[in-house]
Amino acid sequence: MNEHQQNLWEFMQQQSDKLLTQTLQHIGLTFISLLIAVLIGLPLGIFIARKKRFSGPVLGVAGILQTVPSIALLGFMIPLLGIGAKPAIVALLLYALLPILRNTFTGITGVDAAVKEAAVAMGMSKRQVLFKVELPLAMPVIFAGIRTATVITVGVATLASYIAAGGLGEFIFGGISLNNTNMILAGAIPAALLAIMFDFLLARLQKLNIKKLKTATATLPLLLVLLSSFYLLPSAYGSKLKAGFTPEFMGRRDGNLGLISTYGLKIQTLVINDAVMYKACYEKQLDVISGYSTDGRLKAYDLVVLDDDKFIFPPYYAAPIVRNDALKKFPELETTLNLLSGKINDSVMTALNYRTDYLHQSPERVAKDFLVANKLYKPAGGGNAGVVRIGSKIFGEQYILASMYSMLIKGYTDYDVSTKTGLGGTKICFDALTNNQIDFYPEYTGTGLLAILQPSTKIIDSLTHSKDKTYGYVQEQFEKKYQIKWLKPIGFNNAYALMMRKKQAKTLKIKTISNLKRYLETNKR
Amino acid sequence: MIKAEHLSKDFGKVKAVDSISFEVEKHENLILLGTSGCGKTTTLKMINRLIEPTSGSIFINGKNIMDQPPELLRRGIGYVLQNNGLFPHYTVAENIAVVPQLLGWDKKRADKRISELLEKLHLTKDYLKAYPRELSGGQQQRVGLARALVADPEVLLMDEPFGALDNVTRSKIHAEFKALDELKRKTIIMVTHDVQEAFELGDRICLMDKGKIVQDGTPADLLFKPKNDFVRNFLKEQKLHLEFKTISLDDIWEWLPSKQKHTTAKPLSAATDFWTALEHFNFDHADAITIKNKETGDVKLASFEELMSAFYQFKKQTPHE
């Protein structure tokens with residue numbers, strides 16, 4: 001345990017620059033959103049407290065917004081506002097709005113009717129009643145709403161990294177993708193501390209509030225503006241082209257780290273979620289992205305893969321990995337899964353992915369069509385000889401593979417199948433496998449090597465030029481370390497790749513990553 | 001001083017107040033009496049425009065209240081609420097100072113007036129910095145009264161002002177209320193559902209039912225010349241008690257034994273009400289009480305039986321129902 005904490009501390013020290021930037025971005029994001037939410041929520045809350053017939057619809061809409069899953073809300077924002085700070089702030093403020101709005105409404109309508117009547121009867125104008133009586137008396141409730149909103153916003157702001165708005169989510173999601181606990185904690189602990197700290201500080205401010213109302217109401221906005229300004233700190237460096245990399249790519253040796261060390265690539269980089277990255281590139285908000293070579297969106301958005309002329313991206317051949325005890329329990333499983341081996345090459349996979357990712361066909365349908373076309377499909381049998389649990393990561397290709405395996409198992413064996421699709425990143429999927437939550441899932445040789453085994457640089461360099469060597473190494477090591485078997489590769493290589501818009505790459509005459517580097521160096525800002 | 005003409009207020013289809021008219025003389029204390037929902041509170045609140053009338057008009061000193069901005073009108077009318085309606089976030093001093101502040105008084109003038117009022121209402125200066133929740137119910141009601149009186153308005157509206165108090169505190173405040181000279185200079189309209197309170201504090205009573213005034217008259221009018229069964233039934237339960245309180249020894253003077261006796265006991269004034277006279281029997285264990293007529297200077301001596309017999313003769317003589 002001690003050693004573990006040491007490691008986290010070391011990690012945080014080593015990454016202190018990044019940690020500081022992310023923390024400041026996080027604070028900034030939180031408070032810009034909060035400030036705007038207060039500016040909207042408070043007057044609107046007062047308004048609906050006055051005109052009660054609007055209160056139902058307004059609170060209803062705010063309530064519905066609150067129930068939209070945060071990722072979905074961020075997703076909705078992209079077509080409207082693109083990527084980066086703007087959509088993140090809008091999404092966050094929509095989340096912060098409900099508690100502020102509802103508490104303002106409840107606070108003001110909750111003021112004792114006799115007290116309000118007395119104020120009116122004394123001869124106060126509407127304004128005077130509001131500022132001298134209603135707002136001061138509602139203040140504790142309103143403040144409680146702002147505190148709730150703050151805590152929510154600090155939490156949801158971690159998701160801002162999905163759409164390239166920065167914040168501590170970069171570490172958290174990078175850590176989950178990279179199976180790096182220290183990185184997760186380096187993001188999660190400061191985020192939690194921020195939530196606790198802001199809640200505490202606002203509680204203190206509230207106590208002050210009763211006695212020195214005027215100073216407190218003046219400090220609050222000032223404080224909000226001050227904290228908001230953190231977000232506006234200039235980014236590290238600018239460049240002609242803008243890159244968007246996934247949190248996973250950012251932290252990988254065969255990702256951004258390799259680009260920097262092997263190619264010496266210096267490019268302005270935003271961290272962004274895979275789900276929105278391709279579209280952002282297509283919409284020219286990003287120029288270079290880190291994608292997968294078999295991704296269907298490559299075809300959909302007319303992107304081109306840059307040649308990895310220095311071989312930093314190791315081979316990523318897909319194969320199902322199965323726990324040994326599952327193979328024993330289900331003796332027919334291995335032969336069934338191997339039915340798919342050698343059947344899907346890169347272009348076939350890209351085409352299949354295109355159908356799910358872009359044509360929005362269901363993975364089941366795409367899987368069935370493929371199996372039928374290749375004469376592999378058999379209708380489901382009895383399914384009474386036990387349940388095989390299939391896992392998959394949270395993207396289309398894995399869904400398709402999981403569907404295919406499910407159909408094959410049902411068709412060729414008497415086993416039944418339960419699928420647990422959408423298991424976040426590598427870490428979540430692999431942990432589910434080792435903890436006997438699932439029996440197998442499709443994994444990639446490169447991921448097994450670099451994200452799970454993490455051998456020394458020397459070993460990696462000796463392996464990554466050859467797909468067979470890589471496969472042999474992971475097969476041997478997984479057996480030894482985890483009692484997990486790599487079955488035969490499916491055939492395609494879904495490696496990391498840098499990609500650009502075809503048209504732009506052509507105009508700028510960029511074909512390889514080295515071309516890109518040269519272009520960036522000769523066209524510095 | 002205050003004049004309401006054909007005043008009506010509809011809440012949807014319900015006629016809360018149905019074309020009523022009444023007048024209040026200067027320095028008079030008018031009670032709006034009735035059960036819940038009879039329209040008495042609605043009537044009261046129309047006078048300071050907390051509720052706007054559907055039709056009809058109200059004049060104060062000949063000026064139509066609808067011709068003035070409501071805020072300015074209200075600053076000139078004191079208002080006391082049942083649950084005192086004190087501002088919980090203000091101290092006693094700040095609560096009382098609300099209207100002076102709205103009227104733009106300087107601090108010195110306001111402070112002087114506030115301490116003067118507190119003294120009259122038997123509150124010490126220690127309470128100035130206290131918050132309402134730290135006071136007892138009776139004290140809160142006194143502060144509420146002070147807040148209404150601070151700018152010395154001509155008119156005072158009181159909405160069941162003593163309704164939330166316990167009986168002991170209430171009778172104590174009733175006594176203070178009657179003794180307070182500030183209030184003798186006011187024209188007061190008070191709403192209550194408490195018959196005894198109405199008889200004790202009112203110069204005149206408007207008994208209301210279903211949005212209409214059933215009878216408008218002095219307490220004695222209501223008691224001895226009830227207009228209809230509604231009035232009779234309304235007072236029935238407490239009739240004897242009310243009669244005792246309403247009739248003074250003056251009223252029954254002629255039926256008291258005329259022969260004079262010399263006693264050393266301190267004589268009661270003939271203006272004393274019958275109830276108080278009876279109380280003297282209880283407390284003094286006296287066989288007879290001495291009564292002195294202030295106007296004529298005559299003194300009469302009456303035993304308990306003689307007093308009661310005079311009371312019944314008075315009642316027989318008054319034109320009844």
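What follows is a short exchange about this predicted model.

Me: Where is Ser514(A) placed, and which residues is Ser514(A) in contact with, leaving aside its neighbours within four places in sequence?

Reply: Ser514(A) belongs to helix α25 of chain A, residues 513–522. With those neighbours left aside, its contacts are Tyr263(A), Asp309(A) and Lys310(A).

Me: Turning to chain B, how do you know that the span of helix α6 agrees with what its residues should give?

Reply: The expected span is 1.5 Å times one less than the number of residues. For the 13 residues of helix α6 of chain B (residues 137–149) that comes to 18 Å, and the end C-alpha atoms are 18 Å apart, so the two agree.

Me: What makes α6(B) largely enclosed by the rest of the structure?

Reply: Of its 13 residues, 12 are buried, and therefore α6(B) is largely enclosed. Among the buried ones are Arg142(B), Val143(B), Leu145(B) and Arg147(B).

Me: And how much of chain B is buried?

Reply: Buried residues account for 52% of the 321 residues in chain B. Its secondary structure consists of 14 helices and 13 strands.

Me: What share of the contacts in chain B between residues at least 6 apart in sequence join residues at least 24 apart?

Reply: That share is 66%.

Technical notes:
Residues are numbered from 1 along each chain as its sequence is written. Chains are lettered from A and ligands numbered from 1 in the order in which they are written. This is a predicted model: local features need pLDDT of at least 70, side-chain atom pairs count only at pLDDT 80 or more; totals for chains, interfaces and linings use all residues. Side-chain values use heavy atoms; hydrogens and water are left out. Helices (H or I, at least four residues) and strands (E, at least two) are DSSP runs, numbered from the N terminus. Buried means under 20% relative accessible area, exposed over 50%, partly exposed in between (1.4 Å probe, protein chains only). Contact means heavy atoms within 4.5 Å.
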